[in-house]
Amino acid sequence: MLIDDIEYVIFRHPDLATIDGFMKDFGLLPGEQVGDSLYLRTYGDAPFSYVTSKGEAAFLGIGFRVRSIEALKELAASFSTAVADCPHPGGGQYVVGSDPEGRRLEFVFGARRSVPVPAGGTPIVWNDAHGKNRPGKFQRPQHGPAHAMRLGHLAIFSPDPKNLIAWYCETLGMKPSELIYQGEENNTLASFLHLDKGAEWTDHHTVAIIGAPEPALEHISFECRDFDDVGMGHMNLLDKGYKHRWGIGRHFHGSQVFDYWYDPAGFHVEHFVDGDLVNDTTPTLSYPFGRDTLLQWGPAFPG
Ligand SMILES: [Fe+2]
């Protein structure tokens, strides 16, 4: 049990003002600008969840929150490096490494948690065939951007998915929730990996690895407040003229209600809500690749 959660993603963008505007319309909150690095936070307690620096557009890497100082030292040994003071907002100590395909990996322990920002709303009470639970009350969610409560996961492309999946499992202690294969069952095409947190429930996937010709980012994903928040967030981004990618639908692997957008540099960013949780009693499932592995309902995958 090395890692508590994914904490942040690291990008570069040519125009910080443009990406700042988009990510705030997407549902993040202002953070600190330190030098030419722009930090943005969510409504949750992470010191920040997204950092980008001025330069040619690129996805650079992932930051994870480490469970203990012992776990941080174990990771330092794995990467043959030392524990250092973390320069990001929140401070703490960190270890910097990279995965076999060159993505920067940062592991932080002891960063100061931020005070969560109230995201408004109240739990949705549904009137449906199972019960009329909201007699006399109208459902009127407030207009405006979605509320990104936390960074939830990311999906990456790999030219060698089988080996990269094995590396994330062996080095970072992740476990496949589900595997997708093409043809023979041992021809692994993709996997949705969860954090090993023993009996503690954790997201169905924190990192998804998908076979592709080149290493790249497929998407990053933020958990929203509730179902209406995903819908209202969609409308807000549409009204502001941003480019929509795919959704709204419900995924198969992880079951999230999803909605994907393009950021100004073309990176895919996802809103989600209602994802599955797994723990060490959840069996690993295996599926052949097909339409059913992409979604349960919603518009066709745009490719
Ligand atoms: Fe996703």
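The discussion below concerns a predicted model and the reasons for the terms applied to it.

Colleague: Which atoms hold the iron ion, and what makes them donors?

Modeller: The protein donors are His153 (NE2), His219 (NE2) and Glu270 (OE), which lie 2.1 Å from the iron ion. A donor is an N, O or S atom within 2.8 Å of such a metal, so these atoms qualify. Along the chain, the donors follow the spacing H-x65-H-x50-E. His219 in strand β16 (residues 216–224) and Glu270 in strand β19 (residues 268–273) are 51 residues apart, and this pair links distant parts of the chain.

Colleague: Why is His219 called buried?

Modeller: The relative accessible area of His219 is 6%. Buried means under 20%, and therefore the term applies to His219. Glu270 also counts as buried, because its relative accessibility is 0%.

Colleague: Why is Trp126 called partly exposed?

Modeller: Trp126 has a relative accessible area of 43%. This value lies between the limits of 20% and 50%, so Trp126 is partly exposed. Trp126 is found in the loop between β8 (104–109) and β9 (127–128). With Phe227 and Trp297, Trp126 forms a nonpolar surface patch of about 330 Å² of accessible area together.

Colleague: What makes β2 and β6 edge strands?

Modeller: The open sheet of 8 strands has the order β2-β3-β4-β1-β5-β8-β7-β6, with mixed pairing. β2 (29–34) and β6 (84–85) each have a single partner strand, so one side of each lacks a neighbour in the sheet.

Colleague: How do you know that β7 and β8 pair?

Modeller: Pairing requires at least two bridges, and 6 bridges join β7 (residues 93–98) to β8; therefore the two strands, which run antiparallel, are paired. Gly97 stands opposite Leu105 in β8.

Conventions
Residues are numbered from 1 along each chain as its sequence is written. This is a predicted model: local features need pLDDT of at least 70, side-chain atom pairs count only at pLDDT 80 or more; totals for chains, interfaces and linings use all residues. Side-chain values use heavy atoms; hydrogens and water are left out. Patches are made of residues with over 30% relative accessible area and no salt bridge: like charges are joined within 9 Å, nonpolar side chains (Val, Leu, Ile, Met, Phe, Trp, Tyr) within 5 Å. Accessible areas come from the Shrake-Rupley method with a 1.4 Å probe; for residues, only the protein chains shown count as cover. A salt bridge is a side-chain nitrogen of Lys or Arg within 4 Å of a carboxyl oxygen of Asp or Glu. Helices (H or I, at least four residues) and strands (E, at least two) are DSSP runs, numbered from the N terminus. Buried means under 20% relative accessible area, exposed over 50%, partly exposed in between (1.4 Å probe, protein chains only). Donors are N, O and S atoms within 2.8 Å of the metal (3.2 Å for Na, K and Ca); water is not among the atoms, so sites may look incomplete.
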